[in-house]
Structures are given as structure tokens and as C-alpha cells.
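Dear colleague,

I am passing the structure below on to you, and my notes on it follow. Please read them with the coordinates open beside you.

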Amino acid sequence: MLRSLPYLAPAVFLYGIFLLYPMIDSVRLSFFSWSGYATAPQEFVGLKNYRYLLTQDTVFWTALRNSMIWVVLSVAIPMVLSLLMALALNQRIWGRNAFRSIFYIPSVFASITVAAIWRWIYNPTMGVINQAFEAIGLGGLAHEWLGDPRTALYSIFVASVWQGVGFNMVLFLAGLQSVPAELVDAAKVDGAGRWQVFRNVTWPALRPTTIVVVILTIINSLKVYDLVVGMTGGGPAQSSQVLALWSYQQSFSNHNFGAGGAVATVLLILSLCLVVPYLAWSMRGED
């Protein structure tokens, strides 16, 4: 163990400088009032920034609600889709390797690239969706998807599903490889149908993979930023605002690093409150 410390030191140093220190400093700044300029003093204000968020900042509550909606939808929809895709592409079907690659490719794209693609798809006059509705005689369904406060957030979420479902599919495919084939064969010999095999053999074996997928999904959902910036910028009328973006805008657009740090701290606490209990419950179930 001691011999490996010199090799770990560079990684630990970089982790501390670029990840741990900014996180701690963001929490510290949440107790100060600071405009972000080097010449401006940092004034200690205690819990004033948190009181401001809870009592005066209406955008914060919109961002919190949208972030929680995003988490719930992400745990429900993309996970189910990725599991179904993994089960289908784990069968011996023609072209399954090609389909695996096709479904995985969007997860390789940068989020800002995905945002640009889907902004074109959602374009109200030249976008693929509205053009398709016009072509099949359903022009009345054409809509300004990103310009309507009722649909903006969910339109961005669809782009997120398109980008992320392939990555979870690969994780589930890897988990399916660890399912003991002899148990599946034994269940079939005993007369179990496909649903019974999945419920009693496959799903329990996928438990470790599911834990990883759920945790990654929760974390990625709470820190969603690039897609929202690239597609709506939080609009229209803050209807698609999320916590990560609001923290950035408070700090760098409004020059209120104290409030931005407070939003980031709330986001950190929220992440811990969701991930840690789930992880503890999962590990207890594993024991």
C-alpha cells in the first residue's frame, strides 16, 4: 500500500486542485457576498444568501422543481428503455452489433452538439418534427416546442433521453453477461416462461448494475447543464431553468457569487440526500 502512494500522489493532487478545492470554496462563498471581481472585498453575511434563495428568489424554486422533475423522469423513462434495449440486443438476432453501435453513438457526442442537433429538429418552421406533421396532414400538431413554457423542459428531456439511453444500455448489456446461463437453462427446464426467468433469475443478477445505473442517472440528472444552455438558456421565462444553470447565471451573469455558491451547495446537499440513502439501502439489501 505504501509503495503505491507515490504513484497515486499526482492523481490525488489534481483531484484536490480541480475538484475538491472548487467544491469546498463554493460552499465557503455561499456564506459571503462577493461580485466576483478580484478587487472587490468578500463580505461575510452568514445565512443571508440562503434566506434570499428560500424567501425571495422565485427562480430558485422553479429551478428546484424542474431539477426534481428531471430526476424522476430520468430514473423512470431512460432506465426502462435502456433495459428493454439491452434485453433485446442480448438475443441472437441479425445485426445486433450494428444496432448496439447505432444506439450507443449519441452518448459519445458532446452535449452542446446534441443541443444544436435537437434545436434544428425542433425548429418551428424548418424542423423535422413540424415538417413531418405537415407532410402527413397533421399540421395542427405543429408546435414551437422550445418556445412554449409548457413544453420546453420536456422537449429538452427528450434530447437527453436520445443522448443517454445508449450508455445505460451498454451497462445493462455488460450486466447481462454475468447472468449464469445454467440458472437460466434450469429455469426453462422447470417450465418457467420468459417473464418468470427475467423476474426470478435475470433481474436479481442485474442488481449491482442497476445500482450503478440509478446512481449515475441521479447525479447526471441533477447536474444537467449543457443541454439546457444549448437549447433554451433556461427560457422561455425561466420555464426550463435548472439548479446547475441557475448557479452559473447567479455567479457569472448576475455577479452574485454568494447566491451562486448557495445554489451549488443546495445542489450538493440534494445529491447527497438522494444518492447516499439509496446506496445504503442497496448495500443493506445486498447483505
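**Notes on the structure**

D148 is buried, with a relative accessible area of 10%, and the side chain of this aspartate meets that of R150 in a salt bridge, at 2.9 Å from N to O. Please bear in mind throughout that the model is a predicted one.

By the rule applied here, the count of salt bridges comes to two. The other pairs the side chains of D25 and R28, again with 2.9 Å from N to O. These two residues both belong to helix α1, which covers residues 5-29, and because they are three residues apart in that helix, about one helical turn separates them. R28 is partly exposed, with a relative accessible area of 33%.

Is S155 buried or exposed? Its relative accessibility is 5%, and because the cut-off for a buried residue is under 20%, S155 counts as buried. Leaving aside residues up to four places away in sequence, S155 touches Y122, W145, L146 and M231.

Turning to the protein as a whole, the secondary structure comes to 13 helices and two strands, and the C-alpha atoms fill a box of roughly 75 × 70 × 35 Å when this is taken along the principal axes. Where contacts with a separation of 6 or more are considered, residues 24 or more positions apart account for 65% of them.

As for the surface, the protein exposes about 16,800 Å², of which carbon and sulfur atoms supply 68%.

Note on methods: Residues are numbered from 1 along each chain as its sequence is written. This is a predicted model: local features need pLDDT of at least 70, side-chain atom pairs count only at pLDDT 80 or more; totals for chains, interfaces and linings use all residues. Side-chain values use heavy atoms; hydrogens and water are left out. Helices (H or I, at least four residues) and strands (E, at least two) are DSSP runs, numbered from the N terminus. Contact means heavy atoms within 4.5 Å. Accessible areas come from the Shrake-Rupley method with a 1.4 Å probe; for residues, only the protein chains shown count as cover. Buried means under 20% relative accessible area, exposed over 50%, partly exposed in between (1.4 Å probe, protein chains only). A salt bridge is a side-chain nitrogen of Lys or Arg within 4 Å of a carboxyl oxygen of Asp or Glu.
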